[in-house]
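Here's a quick briefing to read alongside the model. Have the sequence open and follow along.

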Amino acid sequence: MRKIMKRRILSILGSAVLLCGVITVSTANVSASERELEQVDGSYLTTEEKSTGYISSPDLRGVHLMDGESTISKAGISRIYAYGATTANHKVKYMATIVYVDRYDEKNDEWGQIDAWVAEDENTYYMSTAKSLKVDRGYYYRVHCNHIAGNEYPYEEEFSVTNGILIP
């Protein structure tokens, strides 16, 4: 009887030690992965397939400008898909989305622009623009957009930015 009790106690202690070990390793892995995300100029460097950014705060929206979105995603080997959209609260006389594509320069610890374009429209409340780009592998890329809307100059303008995604 005493032998059986010893085995049960040892079994329970062994299970408790194993459980503590699993919890400790899990916590350490989560902490390490959180620390690994580096932020450069408002964008985290990630290994995600896609990243989307929005106008940073609802308080920044104006009388005309309602929302803005930037998106970057992997589109195959050495290709990315860059997208920007702007939405107004109502039909406006002028709307534009300026899309910038940046590549992270690790040596200088900064983003450098590799492409940009402007899409404009009149008498609308929504517009979007997109492009597929061939890029060099081994770098992080991000998209940021200026979103512009209004009926007369100066127009309302805000920006959105994605995180950087690695193109391996």
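Let's start with arginine 142, which is buried, with a relative accessible area of 5%; buried means under 20% relative accessible area, exposed means over 50%, and partly exposed is in between, using a 1.4 Å probe and protein chains only. Keep in mind that this is a predicted model, where local features need pLDDT of at least 70 and side-chain atom pairs count only at pLDDT 80 or more, while totals for chains, interfaces and linings use all residues. Residues are numbered from 1 along each chain as its sequence is written, and side-chain values use heavy atoms, with hydrogens and water left out.

**Salt bridges around arginine 142**

- A salt bridge here is a side-chain nitrogen of Lys or Arg within 4 Å of a carboxyl oxygen of Asp or Glu, and by that rule the count is five.
- The side chain of arginine 142 forms a salt bridge with that of aspartate 102, at 3.0 Å from N to O.
- Arginine 142 sits in strand S7 and aspartate 102 in strand S5 (residues 79-105), so this pair ties together parts that are 40 residues apart in sequence; strands are DSSP runs of E, at least two residues, numbered from the N terminus.
- Both arginine 142 and aspartate 102 are buried.
- Arginine 142 also makes a salt bridge with aspartate 41, with 3.3 Å from N to O.
- Aspartate 41 is in the loop between strand S1 (39-40) and strand S2 (43-46), and arginine 142 is in strand S7 (residues 139-150), so the pair links parts that are 101 residues apart in sequence.
- Aspartate 41 is exposed, with a relative accessible area of 60%.
- Put together, Asp41, Asp102 and Arg142 form a network of salt bridges.

**Another salt bridge**

- Aspartate 115 pairs with lysine 131 in a salt bridge, their closest N and O atoms being 3.2 Å apart.
- Aspartate 115 counts as buried at 19% relative accessibility, whereas lysine 131 is partly exposed at 31%.

**Glycine 112**

- Glycine 112 lies in strand S6 (residues 110-134) and is partly exposed, at 29% relative accessibility.
- Not counting residues up to four places away in sequence, glycine 112 touches Val101, Asp102 and Arg103, where contact means heavy atoms within 4.5 Å.

- The chain has a mean pLDDT of 86, and 76% of its residues reach 70 or more; pLDDT is the predictor's confidence in each residue, from 0 to 100.
- Over residues 27-35 the pLDDT is below 50, and this stretch has zero contacts in the model beyond near neighbours in sequence.
- Where pLDDT is low, the predicted coordinates should not be read in detail.

Conventions:
Helices (H or I, at least four residues) and strands (E, at least two) are DSSP runs, numbered from the N terminus.
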